[in-house]
Amino acid sequence: MSDKKPSFATALLWNLNSGSAWVEMVGALMLLYGFVLSNKKGLWKVLFVQGITSFLGVYMQNVFQAQLQASNAKGWGMLLAFNEINWILNSGAVIVYSLIKLQPVVQNQLYIRIIQAVIGVLLLGYSVLRVYIGILRAQIDLADSPLILQAHSYAFIFWALADVVLLALLIYNTVILVKKRGLLEESQVLSKTILSSSIPRFLVIILTTFLITIIGQLLVANPTSQALNDWATVGWMLKGTYPLILLFDMLSTRELLIMNFEATISKQSRLNPAFQSTLHFERFQFGKVNRAYRKCNSVGQNFAIACSQWGEGDKVTVLQCVGGMTGEYIKSYLDEFGIEHYSIDEPAGRVDAEERQKLEKLATQLLTSSPKLEGIALCGTLPAGITGSTYINIAQLKPPNCLLFLDAFQNIEVLDTGKVDILKINAEEARYLTRSSDEEDLTPVAIKIFEQYHIKILAITNGPLTAVLFERTGDQNYTTSHFSLPSLESIVNDEHLKSGHSSPHSTSLPGATGDHASSFSNLFKTQGETTTQGLLLNPLGAGDTCGAIFFLEYLDTRNAPDAFVQGLAAASASCLVIDSTSHFDKSIQKLVADAIQVQTHSFVNTNMVVE
């Protein structure tokens with residue numbers, strides 16, 4: 001019988017084809033494939049680390065074994081020592097994954113910090129032992145020894161304890177949270193989610209830890225026992241399934257995340273008014289119980305999204321306050337559109353003084369480090385805890401030749417600075433600002449605003465009705481333009497709808513629930529047995545869309561009426577995309593823009609002079 005040793009390549013292939021190595025490497029590749037198909041943000045980034053370190057860890061370990069079998073492994077122990085760092089990252093990724101999943105269901109931030117501290121101590125103990133194992137392997141150029149087996153056992157106890165604690169807390173806190181909300185249907189979804197994702201992980205951790213630690217200790221005393229070695233192999237094979245278990249966990253907990261996001265909206269809406277849901281009803285009866293057959297979720301950092309739709313998302317930077325996992329989804333959503341963003345993370349429901357200072361400091365850095373800054377847009381209602389003084393501080397930093405655009409009607413002390421160039425509001429807000437009646441014409445309303453604030457342009461939208469644009473051309477001289485919008489029914493036809501673009505899909509946000517349809521697939525609904533058709537519209541985000549495109553076009557052309565036409569047309573087109581906000585078909589936008597009728601007049605005070 002020949003004692004000839006196999007070649008390195010043969011030994012490597014033989015080792016990689018063994019059960020535990022093959023299972024873990026295939027699982028790691030599947031995890032990496034899932035990452036490639038995902039939005040590559042949030043939890044997927046953590047799973048990417050787990051997948052890549054699993055693959056590299058198994059490969060390096062088997063390279064060492066192949067070298068040992070082919071000739072000798074003198075000096076190759078350093079490879080195993082380096083691999084210990086890889087395994088620390090691998091196990092740490094699992095713990096970070098569990099920590100991130102726990103945070104949405106734990107409302108007490110002090111509780112979260114305590115958990116993080118405890119888990120940090122366990123991970124530190126695990127890491128110290130892994131480093132010790134690496135030193136031993138480098139010294140003896142072997143993968144195993146009685147001392148290494150013993151250290152391995154203790155290291156896995158630290159790691160398993162950390163993950164088991166987090167899983168138990170995840171299950172417990174989620175159940176408690178659901179009970180407090182009293183959501184029966186969602187509770188059923190939660191129970192199924194926990195059973196399908198958390199329990200397999202829990203069982204794998206328990207069995208792996210038992211087999212590796214207990215059997216490992218027994219092997220120290222009986223290293224030649226075939227039965228003990230076989231059981232230890234089973235333990236390592238179970239550990240090898242962890243990438244697959246994590247992939248399954250990630251995919252199966254989607255419903256849990258959706259439930260939690262929707263349930264926490266009421267608390268975080270003041271910080272994230274942009275997380276929006278659209279409900280679809282076959283018919284709606286006021287004062288009665290109505291059941292939605294479909295629900296779609298979207299993120300409404302609408303101004304920036306509209307800029308991206310216009311093809312200029314790369315020119316926009318968003319500064320925002322976000323909170324909790326909803327905030328993480330908002331940031332991931334902006335990433336998908338290539339929109340640069342900076343965030344002050346505030347999960348508590350109110351921005352405190354320290355965080356407000358951070359926000360203003362960050363705004364100062366952005367404004368002073370952007371030499372080519374053309375425009376600043378202040379949009380929407382301020383988060384709780386931030387006052388109008390923040391807008392004032394930002395306005396004071398406005399560089400020369402930079403335009404300041406304001407789309408708000410509350411906390412608007414910034415208008416008193418004289419730094420605001422353009423104010424864009426709707427008709428209801430304009431009348432509210434001037435304490436005018438609902439029937440008052442918008443021209444005297446606009447005059448009151450111009451008398452009170454030193455602005456150059458006032459743009460007033462009015463839903464599907466006539467919009468108005470006022471420009472100050474002198475001390476008492478103004479130009480006003482009235483914009484008559486076409487009906488969308490006259491613009492859109494069935495042929496266009498059939499070839500129209502579908503709803504934008506985000507891998508960051510929970511998708512639609514219920515019947516799936518494209519943006520335009522059910523715009524027209526037959527009423528009863530007649531053939532009368534009505535257009536289904538979603539006006540959410542239309543005002544933001546108008547403001548974004550108007551401001552972008554004005555920055556490029558300095559022609560306010562033409563720019564406002566483009567903004568109004570984009571807003572109208574966005575109403576046709578019923579599943580998302582601030583998305584629009586540019587071909588429909590162009591059709592609407594071409595159909596808008598504009599009448600321009602000049603006047604001094606209240607004496608109208610027709611041009």
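What percentage of the 611 residues of the protein count as buried? Here are some notes to read alongside the model.

1. **The overall picture.** Of the 611 residues, 50% count as buried, where buried means under 20% relative accessible area, exposed means over 50%, and partly exposed is in between (1.4 Å probe, protein chains only). This is a predicted model, in which local features need pLDDT of at least 70 and side-chain atom pairs count only at pLDDT 80 or more, while totals for chains, interfaces and linings use all residues. Residues are numbered from 1 along each chain as its sequence is written, and side-chain values use heavy atoms, with hydrogens and water left out.

2. The protein has 22 helices and 15 strands. These are DSSP runs numbered from the N terminus, with helices (H or I) of at least four residues and strands (E) of at least two. Contact means heavy atoms within 4.5 Å. Among the contacts with a separation of 6 or more, 67% come from residues 24 or more positions apart.

3. **Helix H1 against helix H3.** Helix H1 (residues 8-16) packs against helix H3 (residues 43-70) at an angle of about 135°, and their axes are 8 Å apart. That angle makes H1 oblique to H3. To read these values, note that axes are lines fitted to C-alpha atoms, for helices over the stretch in contact, and that angles run from 0 to 180 degrees between N-to-C directions. Angles under 35 degrees count as roughly parallel, over 145 as roughly antiparallel, 65 to 115 as roughly perpendicular, and the rest as oblique.

4. **Who meets whom there.** H1 passes H3 in a right-handed crossing; a crossing is right-handed if the near helix is turned clockwise from the far one by less than a right angle, and left-handed if anticlockwise. On the H1 side, the residues in contact include Phe8, Leu12 and Trp14, and on the H3 side they include Tyr59, Val63 and Ala66. The residues of this contact divide into 9 nonpolar, 5 polar and no charged. Here Ala, Val, Leu, Ile, Met, Phe, Trp, Tyr, Cys and Pro count as nonpolar, Asp, Glu, Lys and Arg as charged, and the others, Gly among them, as polar.

5. **Helix H3 against helix H4.** H3 also packs with H4, at an angle of about 155° and with the axes 8 Å apart. The two helices are therefore roughly antiparallel to each other. H3 passes H4 in a left-handed crossing. The residues of this contact divide into 19 nonpolar, 9 polar and 1 charged.

6. Side chains of opposite charge can pair when their charged atoms come close. A salt bridge is a side-chain nitrogen of Lys or Arg within 4 Å of a carboxyl oxygen of Asp or Glu, and by this rule the count comes to 8. One of them joins Arg130 and Glu84 (2.6 Å, N to O). This pair links distant parts of the chain, with Arg130 in helix H5 (residues 109-140) and Glu84 in helix H4 (residues 77-102), 46 residues apart. Both residues are buried. Glu84, Arg130 and Arg137 are linked in a network of salt bridges.

7. **Asp421 and its two partners.** Which lysine meets Asp421 at 3.0 Å, N to O? That is Lys398. Asp421 lies in the loop between strand E6 (403-407) and strand E7 (422-426) and Lys398 in the loop between helix H15 (388-396) and E6, so the pair ties together parts 23 residues apart in sequence. Asp421 also forms a salt bridge with Lys456 (3.3 Å, N to O). Lys456 is in the loop between helix H17 (442-452) and strand E8 (457-461), so this pair ties together parts 35 residues apart in sequence. Asp421 is buried, with a relative accessible area of 6%, whereas Lys456 is partly exposed at 47%.

8. Glu24 is found in helix H2 (residues 19-37) and is buried, with a relative accessible area of 6%. Leaving aside residues up to four places away in sequence, the residues that Glu24 touches include Ser54, Trp87 and Lys239.

9. **Two residues with positive phi.** Asp141 has a positive phi of about 55° although it is not a glycine. Asp141 sits in the loop between H5 and helix H6 (146-181) and counts as buried at 15% relative accessibility. Arg558 has a positive phi near 60°. Arg558 is in the loop between helix H20 (542-557) and helix H21 (560-574), and counts as partly exposed at 44% relative accessibility.
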